[in-house]
Amino acid sequence: MSLSQVQEVARRRTFAIISHPDAGKTTLTEKLLLYAGAIHIAGSVKSRKSSRYATSDWMEIEKQRGISVASSVMQMEYRGCVINLLDTPGHQDFSEDTYRVLTAVDAAVMVIDAANGVEAQTLRLLQVCRARNTPIITFINKLDREVREPLDLIDEVERTLGMSVVPITWPVGMGKEFRGVFHIGADHMRVFRAGAETRINDELLPGLNNPETAARFGNPFAKAQKEVSLVVEAGQAFDHEAFLQGLQTPIFFGSAINNFGIQEVLDALVDFAPAPGPGKSTNRFVLPDERAFTGVVFKIQANMDPAHR
């Protein structure tokens, strides 16, 4: 076995995005592709005539209904890693497809609507992940709208999902007063600017106790300062081993539709998510670095996309 084969396995990341319908799952998928450089213009789930449809929603029924009805697989390269992204249907009518996808991934990104919190389909999908000890990264979406308090949201995630939570970023304001997110570990604030179809250049401001930032953003930043201090003092530190065992989830805040908070999630997939591990077959464990060709078949699909015929 060559060293290059070992390196190829180590740089692979395969994950699914799960959520309740309309939490922003397919939008996040599109923006992750954008930030990784796989596409240059992001589509939307409910596309106008002048816009592009989401890359993962290629079936005609998906374009008409504005929802994902079948799982789709996309690949991108980012920071030297090959990332396989599986977009899954959120609607319960198509959940069987999602359950099959979750048998083939090494991690999952759970998207939560910040206005609604943990919803029924999210809970069902999370139970499937927990049964397989799948590591979960949580993205709390739609902070550009009037939503619930972040402390209430992380408390609900911890109580409802039965795992400890560690905020990696923290929102500065919400709705009309949404000013950005503060990265707790990196000790900087990413200033919010509404994006659209293309990637925007973000402004980073250093320090939680930066008087210039406090003067510029007023009450939203002052509130975030108090909440971040509370989270750091009373909360747990990120434990990578607990994350890999599915016992702890890092939490990120943002607005997928506005291309905001995406960079941190993409970096977390590279830094936190595991490379492929041994897979259980009917009579043995299959190692990811075996010389023979191996893989997990979770779906067979043919003659659905005209471009594939």
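1. A polar contact is taken here as a pair of N or O atoms within 3.5 Å, where, within protein, one must be able to donate a hydrogen and the other to accept it, and where residues adjacent in sequence count only if both atoms are side-chain atoms. The side chain of K25 makes such a contact with the side chain of T26, at 3.4 Å. K25 lies in helix α2 (residues 25–36), and K25 counts as buried because its relative accessibility is 6%, buried meaning under 20% relative accessible area with a 1.4 Å probe and protein chains only.

2. The model is predicted, so that local features need pLDDT of at least 70 and side-chain atom pairs count only at pLDDT 80 or more, while totals for chains, interfaces and linings use all residues. Residues are numbered from 1 along each chain as its sequence is written, and side-chain values use heavy atoms, with hydrogens and water left out.

3. The chain has 9 helices and 13 strands, which are DSSP runs numbered from the N terminus (helices H or I, at least four residues; strands E, at least two). Of its 309 residues, 53% count as buried. Among contacts (heavy atoms within 4.5 Å) with a separation of 6 or more, 68% are between residues 24 or more positions apart.

4. Beyond its neighbours within four places in sequence, L143 is in contact with residues including A114, P171, M174, F178 and F253.

5. The largest pocket is lined by 37 residues, and A104, D106, P276, G277 and V296 lie nearest its centre. Elements that give two or more residues to this lining include β1 (12–19), β2 (72–78) and β3 (81–87), while α1 provides the largest share, 3 residues.

Terms used: 1 Å grid on protein atoms, 1.4 Å probe; cavity = no way out; pocket = protein on both sides within 12 Å on 5 of 7 lines; lining within 4 Å. Buried < 20%, exposed > 50% of the residue type's maximum accessible area, 1.4 Å probe, protein only.
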